[in-house]
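Welcome! Here is a short tour of the protein shown below, written for someone meeting it today.

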Amino acid sequence: VNTPPTIEVPSITIEENPAVGTVIGTVLASDLNEGQEVTLSVAADSPVSIDSETGELTVTDPSVFDFE
């Protein structure tokens, strides 16, 4: 049976004006199907990046998080 991967996205609160590289959370994903792996990504224009293996989210564009 081919089951879909599971993805857990935590609730994330981002402080205003975070520094580039600030870790804001981790997305957890797994695939129970033998021989399958999950690769994570975000849109090219996203203000955060994701480590495709660990799921760690980091800030790449802090200007988006300036609320004033």
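## Reading the model

Strands are DSSP runs of E with at least two residues, and helices are runs of H or I with at least four residues, numbered from the N terminus. Two strands pair if DSSP finds at least two bridges between them.

This is a predicted model, in which local features need pLDDT of at least 70 and side-chain atom pairs count only at pLDDT 80 or more, while totals for chains, interfaces and linings use all residues. Residues are numbered from 1 along each chain as its sequence is written, and side-chain values use heavy atoms, leaving out hydrogens and water.

## Strands and sheet

An open sheet of 3 strands runs in the order β2-β5-β4 with antiparallel pairing. Its edge strands, β2 (23-26) and β4 (48-50), each pair on one side only. Between β2 and β5 (residues 56-59) there are 3 bridges, and these two strands run antiparallel. G25 has L57 in β5 as its bridge partner.

## Burial and contacts

Of the 68 residues, 22% are buried (under 20% relative accessible area, with a 1.4 Å probe and protein chains only). Among contacts (heavy atoms within 4.5 Å) with a separation of 6 or more, 49% join residues 24 or more positions apart.

Technical notes
Buried means under 20% relative accessible area, exposed over 50%, partly exposed in between (1.4 Å probe, protein chains only).
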